[in-house]
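Subject: Handing over a structure for you to look through

Dear colleague,

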Amino acid sequence: MDLMVTDGHDGLLAAVSELFGATPRQRFLLHKQRNVLNAVPRRVRHEVESEMLGIWAQPTKQEALIQLAAFKAKYAKLYPEAVASLAE
């Protein structure tokens with residue numbers, strides 16, 4: 001396998017790690033998006049979601065990291081749980 005895409009379930013992560021330890025793992029983005037958005041008030045979810053999707057839409061890892069840093073700088077004090085969830 002070239003890539004394993006999973007949610008954050010601890011049991012699944014343990015099994016994947018044990019059976020496919022050398023295979024890179026990526027978190028299912030929809031689950032990550034939901035977790036982040038659950039940590040912000042409903043009135044700002046659309047704005048936060050647009051900026052978060054902008055991170056994932058970047059054509060290179062370097063550009064995505066720049067967008068991630070901007071996201072963290074903007075929201076770290078307002079919504080620390082959302083930023084921590086995204087960074088996880």
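**What was found**

Leaving out residues up to four places away in sequence, Phe28 touches Val5 and Thr6, where a contact means heavy atoms within 4.5 Å. Phe28 sits in the loop between strand 2 and helix 2, and with a relative accessible area of 36% this residue is partly exposed; buried means under 20% relative accessible area, exposed means over 50%, and partly exposed is what lies in between, with a 1.4 Å probe and protein chains only. Although Phe28 and Met4 are 24 residues apart along the chain, their C-alpha atoms are separated by 9.5 Å.

Before going on, please keep in mind that this is a predicted model, in which local features need pLDDT of at least 70 and side-chain atom pairs count only at pLDDT 80 or more, while totals for chains, interfaces and linings use all residues. Residues are numbered from 1 along each chain as its sequence is written, and side-chain values use heavy atoms, with hydrogens and water left out.

**Confidence and overall layout**

The mean pLDDT of the protein is 89, and 99% of its residues reach 70 or more; pLDDT is the predictor's confidence in each residue, from 0 to 100. Confidence is lowest in strand 2 (residues 25-27), with a mean of 71, and highest in helix 4 (residues 61-75), with 96. Where pLDDT is low, the predicted coordinates should not be read in detail.

The secondary structure comes to 5 helices and 2 strands, and from the N terminus on the elements run β-α-β-α-α-α-α. Helices (H or I, at least four residues) and strands (E, at least two) are DSSP runs, numbered from the N terminus. Of the 88 residues of the protein, 26% count as buried, and the C-alpha atoms fill a box of roughly 40 × 25 × 20 Å, taken along the principal axes. Among contacts between residues at least 6 apart in sequence, 31% join residues at least 24 apart.

Not counting residues up to four places away in sequence, Gln33 touches Glu49, Met52, Leu53 and Trp56.

Ala39 lies in the loop between helix 2 and helix 3 (45-56) and is partly exposed, with a relative accessible area of 25%. Setting aside neighbours within four places in sequence, Ala39 is in contact with Tyr79, Glu81 and Ala82.

The buried residues of helix 3 are Val48, Met52 and Ile55. They cover an arc of only 45 degrees around the axis, which puts them on the same side of helix 3; the arc is that of the directions from the helix axis to the C-beta atoms. What covers these residues includes helix 2, helix 4 and helix 5 (80-87).

In helix 5, the residues Ala82, Val83, Ser85 and Leu86 are buried. Seen down the axis of helix 5, they fall within an arc of 160 degrees, so they line one face of the helix, and their cover includes helix 2, helix 3 and helix 4.

**The aromatic rings**

How many aromatic pairs does a search of the whole structure find? The search finds 2. Rings of Phe, Tyr and Trp (its six-membered ring) pair if their centres lie within 6.5 Å, and planes under 30 degrees apart count as stacked, over 60 as edge-to-face and the rest as tilted. Phe71 and Tyr75 form a tilted pair, 4.8 Å centre to centre with 55 degrees between the planes. The rings of Tyr75 and Tyr79 have centres 6.0 Å apart and planes at 35 degrees, so this pair is tilted. Phe71, Tyr75 and Tyr79 form one aromatic cluster.

With kind regards
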